[in-house]
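Please keep the sequence and the structure in view while reading.

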Amino acid sequence: MASAWWPCLILALLSGLAASGFPRSPFLLLGKRSLPEGVANGVEVYSTKINSKVTSRFAHNVVTTRAVNRADTAKEVSFDVELPKTAFITNFTLTIDGVTYPGNVKEKEVAKKQYEKAVSQGKTAGLVKASGRKLEKFTVSVNVAAGSKVTFELTYEELLKRHKGKYEMYLKVQPKQLIKHFEIDVDIFEPQGISMLDAEASFITNDLLGSALTKSFSGKKGHVSFKPSLDQQRSCPTCTDSLLNGDFTITYDVNRESPGNVQIVNGYFVHFFAPQGLPVVPKNVAFVIDISGSMAGRKLEQTKEALLRILDDMKEEDYLNFILFSGDVSTWKEHLVQATPENLQEARTFVKSMEDKGMTNINDGLLRGISMLNKAREEHRVPERSTSIVIMLTDGDANVGESRPEKIQENVRNAIGGKFPLYNLGFGNNLNYNFLENMALENHGFARRIYEDSDADLQLQGFYEEVANPLLTGVEMEYPENAILGLTQNTYQHFYDGSEIVVAGRLVGEDVNSFKADVKGHGAANDLTFTEEVDMKEMEKALQERDYIFGNYIERLWAYLTIEQLLEKRKNAHGEEKENLTAQALDLSLKYHFVTPLTSMVVTKPEDNEDERAIADKPGEGGDSHTGEPRDVLPDQLPASSKPLLLRGWGSPLHHPSSRERRCPLLQHQ
């Protein structure tokens, strides 16, 4: 799967404009005007804090916002958080005048009848939906009486995946108002030791940033704090609006004295594997490119620009070919050719000459590319210790030749035969993304949406950089026989430079004195075996500092990773197999309090357990329909002081976004 990310989120506070006679608009922002500092439409947001504790890549994030209604009438206050698709919400609490309404995770179907009844009564719906490139929005609203205070607290968790040699937390900060107590506070604990830690903001000068930002790391611990004063938030010395409007980024990596690291806590283990300094395995790449009429104009030009940059990055040991499909299929060469300077120059000329035409024959384009890779291997045209990859880009759906998605999937699966991965790039929104994702997943690859924007060529190039440097193929992670239960995925076709393989599991017995993990893989020159041995007593000493973090992090990391992989397998499963995968994922989601595509978060009124409203649901990339339009999903209920909330969501998640896809504003007042 794709690479390393840190959680990104948006926190938005909305006062009740509708209640004060103004139409509510999602684009209405607080501007420069004479208002008491921190107060808009009678509502003062006086505190916002984002607290993150990261332990061995597993991030536990708590977003807390406090507001008070200073008006003499009731106001509606809404709490919005946008978080990454790869995150699971784990808790939400709402406190009004000292009374707390806790959240609880339930199976979605439990609330279906209540939902249908509420819809028939025309009740107001809260929203959880895709937002921006790769975000989901959590929203809940309450009516707050005059003089009353409200506290919103949302918790979510995510496993940070390594990407291009680092873990990253990206925030776009945009409060649009002054907040007395605004703080981002991040604690990092990495048993391997932290090798680098950085933080920067694009919206504030270095002089001001220096006094508002603190960052430090030593040994296993790192800390970042961003705490601007009211004066540091002002856009000018006498202004009442905020200059916090831009990017806030934290990046870090860990020491890698050995290729892997095993950690064991409370009967659960996690194994991180990321060897350094290995030679790159030569690769054979079939670029299967859609040149149908819908690619005309900017999309095709950006594709050409990206391919030209990719050609500049090809190594002479690599082999390549271009397969173009429209109504029919054409190729640059009859077979794969080596990336010599002469061939690359000829390839550039070919790419520049590409023109759009005709229909979209995805099936024949893919099968031609796959056949070319298979023949190159059979006829010994490529190095024996090389690896093959198919990269397919399309902006639409098959409409000529074999056009049934399930049949194309079957044809591609049979042609590849598990020998190499398929990566699908969907350009724009007018395509069946679920089809592209499912087909890639069952062929050991992944899908990525390329957004129609000025940077589409950079998105394409960024994807290629993720798979450009395979260091190992046929990776197998082996553990003591009969000693492990619930092992997550432990075989991978490729390990790419700058990424990381993560495997977790549960130990059968607690009386384990030592633990051994072997990793086998094919390198550029020879087969390799890496061994990690763990002395349990030494491990206990090394983790004595874990009071600094939350103690069951490996168990929760294992549950998170297991649910994520079960949901991926479920996408291509049918019948009894799909039912079993669903049941396993649902049981774990409920046990560990994760909001996944199978569960919902509900808030329960303390004095009446039957009065509850759903406030959180898991959206996703593809949606229910061909177009990804949102679908109604759930019911449930909230405190009597708030409007009843229902949900609309988007379908199953689990696409690993690129860095650009995860960018998002942090604090908005609308």
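Is Tyr101 buried or exposed? The model examined here is a predicted one. In this model Tyr101 is buried, with a relative accessible area of 10%. Tyr101 has its place in strand β7. Its C-alpha atom is separated by 6.2 Å from that of Val603, although Tyr101 and Val603 are 502 residues apart along the chain.

**Two further buried residues**

Thr596 belongs to the loop between α12 (575–591) and β33 (599–605). With a relative accessible area of 0%, Thr596 is buried. If residues up to four places away in sequence are not counted, Thr596 touches Phe88, Lys108, Ile563, Leu567, Ser589 and Lys618.

Phe287 is found in strand β20, which covers residues 283–290. At 2% relative accessibility, Phe287 also counts as buried. Its contacts, again without residues up to four places away in sequence, include Leu307, Ile310, Leu320, Phe322 and Tyr464. Phe287 and Leu393 are 106 residues apart in sequence, and their C-alpha atoms are 8.1 Å apart in space.

| Pair | Separation along the chain | C-alpha to C-alpha distance |
|---|---|---|
| Tyr101 and Val603 | 502 residues | 6.2 Å |
| Phe287 and Leu393 | 106 residues | 8.1 Å |

**Residues with positive phi**

Most residues other than glycine have a negative phi. Against this background, two residues deserve attention. Asp97 has a positive phi of about 50° although it is not a glycine. Asp97 lies in the loop between β6 (88–96) and β7 (99–101), and it is partly exposed, with a relative accessible area of 48%. His593 is the other case: its phi is near 65°, a positive value in a residue other than glycine. His593 is placed in the loop between α12 and β33, and its relative accessible area of 21% makes it partly exposed.

**Helices**

How do helices α4 and α5 pack, and at what angle? Helix α4 (residues 298–313) and helix α5 (residues 341–352) pack at an angle of about 175°, with their axes 10 Å apart. An angle over 145 degrees counts as roughly antiparallel; α4 and α5 are therefore roughly antiparallel to each other. From α4, the residues Lys304, Leu307, Leu308, Leu311 and Asp312 take part in the contact, and they meet Leu344, Ala347, Arg348, Val351 and Lys352 of α5. By class, this contact has six nonpolar, no polar and four charged residues. An α-helix has 3.6 residues a turn, so residues three or four places apart point the same way. Leu307 of α4, which takes part in the contact with α5, is also touched by Phe287.

Helix α11 (residues 553–571) has 19 residues. From its first C-alpha to its last, α11 reaches 27 Å, close to the 27 Å expected at 1.5 Å a residue. Because 18 of its 19 residues are buried, α11 is largely enclosed by the rest of the structure.

**The whole chain**

The chain has 12 helices and 37 strands. Of its 670 residues, 60% are buried. Among contacts between residues at least 6 apart in sequence, 77% join residues at least 24 apart. The chain exposes about 26,200 Å², and carbon and sulfur atoms supply 46% of this area.

Note on methods
Residues numbered from 1 in each chain as written. Predicted model: local features only at pLDDT ≥ 70, side-chain atom pairs only at ≥ 80, totals over all residues. Heavy atoms only, no water. Axes fitted to C-alpha atoms, helices over the stretch in contact; angles between N-to-C directions. Helix = DSSP H or I, 4+ residues; strand = E, 2+ residues; numbered from the N terminus. Parallel < 35°, antiparallel > 145°, perpendicular 65-115°, else oblique. Contact = heavy atoms within 4.5 Å. Nonpolar A, V, L, I, M, F, W, Y, C, P; charged D, E, K, R; others polar. Expected span 1.5 Å × (residues − 1). Buried < 20%, exposed > 50% of the residue type's maximum accessible area, 1.4 Å probe, protein only. Areas by Shrake-Rupley, 256 points an atom, 1.4 Å probe, with all protein chains shown as cover.
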